[in-house]
Amino acid sequence: MLDAFRRELLNDAELGLGNAVYVNAYRIAGLIPGSLSLILADTLPWNIVFIITALFMLPGIVMSLMVQEPHRAMPPKTLREAVVEPFHEFINRQGLNNALLILAFLFFYKLGDSMCTALATPFYLDMGFSKTQIGLIAKNAGLWPA
């Protein structure tokens, strides 16, 4: 959804810079729940950590309420036109076997990374590292080299 909005909002000359800003903002935004929350959890109770982390959502919520839809294309008039027909066209164009193969690839492509990421923090905790150490080192290690 955000990719489509960015594509409609930016012209061709701005698209490269827009994509670079988006990717870097996405990576930095991951530090809030991944790093800051772990660091705070060493000194604060989890319910307070969740509230602080949730407060970081406020700028995004305010921005999404303030931004206007670009008026370049005709919006779909029905839910069927917006969801069912494009999916039906995708299956008809690719054939059911190819469509299922593409959907399976999309599902499994990042599954290993997601599982590894989800299991990394419990692994570090079992090894005896503190939440602050994990938040400062492990959660930042992948961001800054990229």
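Select residues 31-41, helix α3, together with residues 46-55, helix α4; in this predicted model, the two axes come within 10 Å and cross at roughly 145 degrees. The crossing of α3 and α4 is right-handed.

Next, display the side chains where these two helices meet. On the α3 side, select Ile32, Pro33, Ser37, Leu38, Leu40 and Ala41. Their counterparts in α4 are Trp46, Val49, Ile52 and Thr53. Coloured by class, this contact shows eight nonpolar residues, two polar residues and no charged residues.

Which helices each supply at least two residues of the nonpolar patch? They are α4 and α5, the latter spanning 58-66.

Now move to another helix pair. Select residues 2-9, helix α1, and residues 12-29, helix α2: their axes come within 9 Å and cross at roughly 145 degrees. The crossing of α1 and α2 is right-handed.

To inspect the contact itself, display Leu2, Asp3, Arg6 and Arg7 of α1. How do the residues of the contact of α1 with α2 divide into nonpolar, polar and charged? A colouring by class gives three nonpolar, two polar and four charged residues, whereas the contact of α3 with α4 has no charged residues.

Conventions
Residues are numbered from 1 along each chain as its sequence is written. This is a predicted model: local features need pLDDT of at least 70, side-chain atom pairs count only at pLDDT 80 or more; totals for chains, interfaces and linings use all residues. Side-chain values use heavy atoms; hydrogens and water are left out. Axes are lines fitted to C-alpha atoms, for helices over the stretch in contact, and angles run from 0 to 180 degrees between N-to-C directions. Helices (H or I, at least four residues) and strands (E, at least two) are DSSP runs, numbered from the N terminus. A crossing is left-handed if the near helix is turned anticlockwise from the far one by less than a right angle, and right-handed if clockwise. Contact means heavy atoms within 4.5 Å. Ala, Val, Leu, Ile, Met, Phe, Trp, Tyr, Cys and Pro count as nonpolar, Asp, Glu, Lys and Arg as charged, and the others, Gly among them, as polar.
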